[in-house]
Amino acid sequence: MRPSILSAMDLTREEEAILNGEEGEGRQKAMELVTALGKIYGAEDLIDITSAHLSGASYKTIGDGGLKYLEDMAAGGAKVTVPSTLNPVGMDRTRWREMHISEEFAEKQLRIIDLYGQMGIRTTCSCTPYVGPNVPSMGDHVAWAESSALSFVNSYIGARTNREGGPGALAAAILGKTANYGLHLDENRKPTVVIDADIDGSIFSYSLLGQAVGMAIGSGVPYFKGISPEVEEAKTLCAAMAASGSVALYHVEGVTPEAGNFDVSDLEVIHIGEKELQAAYDKLNTVDDIQLIALGCPHLTEKEMHQIASFLKGKKKVNKDVEIWFCTSAEIRDRCPEDVKIMEEFGPVLADTCMVVAPIEGTFQRTGTNSAKAGNYLPTLCSQKAMCRDIAKLMEVVL
Ligand code: F3S
């Protein structure tokens, strides 16, 4: 009996039957989790979703406990009922030896991927599914984990998702439903503060802007003036604000689809300019001497692959002591053979993984990146000292 959950939410007869185990243990467990979350956050009912994106896929982050949970879910017959994609895992599934990954880690990681596949999840293993196989539409309700990706679909596309955790997104994917609260509701999508941004418009300036905004506001729904991000800049901004703060939705005047719905004249205005960007830079840079340069947080798009290859073309890697990893999805890697050829002269173009969810701490202690998100997580999740600079400055270390 689960009277407290039932009394808190208005469930349909079919949803109650799932909760009572009439459709198997896997779906029952999923319903228990989704309704428990709904109760905690004050949801009145469940809503249908059109897609899910799942995190919690790296053996490094979920360990043996997470692997066991996935084994149990798959054995219980759990299957997703909406199109679902998967976040990066702890290694490139074919080139893991180049990442200094142990046989034991590789075996368990491949098992995790296999279990997600058994549940019907498309094992894309990328944090940018929105440039490939999983593109929601404006107004769609979805259940996405991965803080940068969910912020992108909320903000740049105008789909609606909360900041789901891995198990919550998996449960929602199995049910095709999520609890109706938070950013699914109109009233929670209103801007809470105006950001008057003064940046040079480079990708790296968007990383620092996101870092500075996260540091300034922590959470809320910023409304930006003075910027015009395209996909690459928007994903960088999403990732940075989600890591330095917990921002899951933002609007950009004249750019994002919901921005025109709001009157922001009464909101507080925060200026982010040179001084704030410098403070963000100082926070992210704790070392001048690195062993690894890792690019692709979030995963590199086709355009970024082309830009990097163009920058590297005709240059030589002189400093052989520093490794370089380029992280993207398998799909993007396949689409850019000419760029990949140039980039591979400098280091592997890895798919399925990234510098944060891979167990790099077994090999490296000092890592360079151009991403504020990675700059936040390399010290906390990977025991690294970090260098965070734009790509040209990072490459000065090896050229
Ligand atoms: Fe993606 Fe890894 Fe960064 S999952 S957003 S590349 S930390």
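Contact means that heavy atoms lie within 4.5 Å. The structure is a predicted model, in which local features need pLDDT of at least 70 and side-chain atom pairs count only at pLDDT 80 or more, while totals for chains, interfaces and linings use all residues. Residues are numbered from 1 along each chain as its sequence is written, and side-chain values use heavy atoms, with hydrogens and water left out.

**Exercise 1. Describe strand β10 and its pairing with β11.**

Solution. Step 1: strand β10 covers residues 292-300, and nine of its nine residues are buried. Step 2: β10 runs parallel to strand β11 (residues 323-328), and five bridges join them. Two strands pair if DSSP finds at least two bridges between them. Step 3: Ile 293 has Ile 324 in β11 as its bridge partner.

**Exercise 2. Work out the order of the open sheet that contains β2.**

Solution. Step 1: the sheet has three strands in the order β3-β2-β4, with parallel pairing. Step 2: β3 (84-86) and β4 (143-144) are the edge strands, each pairing on one side only. Step 3: between β2 (residues 52-54) and β3 there are three bridges, and Ala 52 has Ser 84 in β3 as its bridge partner. Step 4: helix α7 (residues 166-175) lies across β2, β3 and β4, at about 145° to β2. Axes are lines fitted to C-alpha atoms, for helices over the stretch in contact, and angles run from 0 to 180 degrees between N-to-C directions.

**Exercise 3. Describe how α8 packs with α10.**

Solution. Step 1: two packed helices are described by the angle between their axes and the distance between the axes. Step 2: for α8 (residues 203-217) and α10 (residues 274-284), the angle is about 90° and the axes are 8 Å apart. Step 3: α8 is therefore roughly perpendicular to α10, a term for angles of 65 to 115 degrees. Step 4: the residues that meet include Phe 204, Leu 208 and Met 215 in α8, and Leu 277, Tyr 281 and Leu 284 in α10. Step 5: the residues of this contact divide into ten nonpolar, one polar and two charged. Ala, Val, Leu, Ile, Met, Phe, Trp, Tyr, Cys and Pro count as nonpolar, Asp, Glu, Lys and Arg as charged, and the others, Gly among them, as polar.

**Exercise 4. Characterise the surroundings of Ala 179.**

Solution. Step 1: Ala 179 belongs to strand β5 (residues 177-179). Step 2: Ala 179 is at 2% relative accessibility, so this residue counts as buried. Step 3: not counting residues up to four places away in sequence, Ala 179 touches Val 34, Gly 38, Ala 43, Asp 45, Leu 46, Asn 162 and His 184.

**Exercise 5. Summarise the protein chain.**

Solution. Step 1: the protein chain has 15 helices and 14 strands. Step 2: its C-alpha trace spans about 65 × 55 × 35 Å along the principal axes. Step 3: of its 399 residues, 58% count as buried.

Terms used:
Helices (H or I, at least four residues) and strands (E, at least two) are DSSP runs, numbered from the N terminus. Angles under 35 degrees count as roughly parallel, over 145 as roughly antiparallel, 65 to 115 as roughly perpendicular and the rest as oblique. Buried means under 20% relative accessible area, exposed over 50%, partly exposed in between (1.4 Å probe, protein chains only).
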